[in-house]
Amino acid sequence: MNRIVHLSDLHFGAHDEQLVEAVDWQVAKLKPDLVVISGDFTQRARTEQFRQACEFLEGLRERGHEVLGVPGNHDVPLYDVLRRFLSPLARYRRFIDETLCPFIELPGVAVLGINTARSLTFKDGRINRDQVQFIRDTFARTPSEVMRILVTHHPLFALRVGEQVDRAIGRQELALDIVEESGVDIVLAGHNHDASSQDAGDLVARAGGVLVVQAGTATSTRVREQEQSFNSIDITEDSATITVHAWNGDDFAPNDARA
């Protein structure tokens, strides 16, 4: 079995230090094979916020955890217009990861991250044709029996959060085509601060049996319909079991696992 801890929307700069410490402790307790962070490491992409996020990541790695992360829209400067358009992810590359589309293989599992953050949009994300080709080429090199996981910050699908529906990723048709063609089994994302898991076929008829897993915000004070949370995913040869660990005011308590 492989265990993945799925964090998202840390928002350093608008975070609660008690939540950060609790996440750190729970990750150590869960002993995952991989920690996935699906974007929004910072609140406003400022240097000090990236330093705080970097310190958190260094702590995870020092305790022996492998980490895969992708940028979110909050990791692109909002008010620094020159930096936003000339070097939008320079600080992310400096403090978090030089690679914007990281790839990690575990026994029986292949995990690929894709950057969906863009300078031209304040909130929404997009995927482009070069990234589609990269997904195709990367997963083509993995054995057919391997479980394939794609990580983005922005959801590939339009999802209901409370009374509103958050939009799907830009160029969704491209994303759906490559997910089907590459045999992706699970897509992990964040962005809407709402934890959920469901069959993609319930969202878009042509999507097939891809498992859509959303993580809530793990450490931010910016909550929507839910309390802070993160996911753990236990993967065997032919199944995945999702557990949401939700904040109860004192600690992150696991909800009922869903196979």
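Reader: Why does arginine 93 count as partly exposed?

Author: In this predicted model, arginine 93 has a relative accessibility of 34%. Buried means under 20% and exposed means over 50%, with partly exposed in between, so at 34% arginine 93 counts as partly exposed.

Reader: And what makes glutamate 98 and arginine 93 a salt bridge?

Author: Their closest N and O atoms are 3.0 Å apart. The rule asks for a side-chain nitrogen of Lys or Arg within 4 Å of a carboxyl oxygen of Asp or Glu, so this pair qualifies. Glutamate 98 itself counts as exposed, because its relative accessibility is 52% and the cut-off is over 50%.

Reader: How many salt bridges does that rule give?

Author: The count comes to six salt bridges. One of them joins arginine 51 and glutamate 48, with the closest N and O atoms 4.0 Å apart. The limit is within 4 Å, and the pair is counted as a salt bridge. Both residues lie in helix H2, three residues apart, about one turn of the helix.

Reader: Are arginine 51 and glutamate 48 buried, exposed or partly exposed, and why?

Author: Arginine 51 is partly exposed because its relative accessibility is 42%, and glutamate 48 is partly exposed because its value is 47%. The class runs between the 20% and 50% cut-offs.

Reader: Which parts does the salt bridge of aspartate 24 and arginine 63 tie together?

Author: Those side chains meet at 2.7 Å, N to O. Aspartate 24 lies in helix H1 (residues 17–30) and arginine 63 in the loop between H2 and E3, so the pair ties together parts that are 39 residues apart in sequence. Arginine 63 counts as partly exposed, at 42% relative accessibility.

Reader: Let's turn to tyrosine 92. Why is tyrosine 92 called buried?

Author: Its relative accessibility is 0%, and buried means under 20%, so tyrosine 92 counts as buried. The residue is found in helix H4 (residues 90–95).

Reader: Which residues line the largest cavity?

Author: Its lining consists of Leu57, Arg61, Val67, Leu68, Gly69, Tyr92, Ile96 and Asp97. Helix H2 (47–62) and E3 are the elements that give two or more residues to this lining, and E3 has the largest share, with three residues. By class there are five nonpolar, one polar and two charged residues. Tyr counts as nonpolar and Gly as polar under the scheme used.

Reader: How much space lies in that cavity, and how many cavities are counted?

Author: About 30 Å³ of space lies in the largest cavity. The cut-off is 30 Å³ or more, and the count comes to one cavity.

Reader: What is the strand order in the open sheet, and why are E3 and E14 at its edges?

Author: The six strands run in the order E3-E2-E1-E12-E13-E14, with mixed pairing. Strand E3 (67–70) and strand E14 (252–254) each have a single partner strand, so one side of each is left without a neighbour in the sheet. Neighbouring strands are turned by 20° against each other on average, direction ignored.

Reader: How do you know that E13 and E14 pair?

Author: Pairing needs at least two bridges, and strand E13 (residues 240–247) has three with E14, in the antiparallel sense. The two strands therefore meet the definition of a pair. Alanine 246 stands opposite alanine 253 in E14.

Terms used: Residues numbered from 1 in each chain as written. Predicted model: local features only at pLDDT ≥ 70, side-chain atom pairs only at ≥ 80, totals over all residues. Heavy atoms only, no water. Helix = DSSP H or I, 4+ residues; strand = E, 2+ residues; numbered from the N terminus. Axes fitted to C-alpha atoms, helices over the stretch in contact; angles between N-to-C directions. 1 Å grid on protein atoms, 1.4 Å probe; cavity = no way out; pocket = protein on both sides within 12 Å on 5 of 7 lines; lining within 4 Å. Points joined across faces, edges and corners; volume = space filled by probe spheres on them. Buried < 20%, exposed > 50% of the residue type's maximum accessible area, 1.4 Å probe, protein only.
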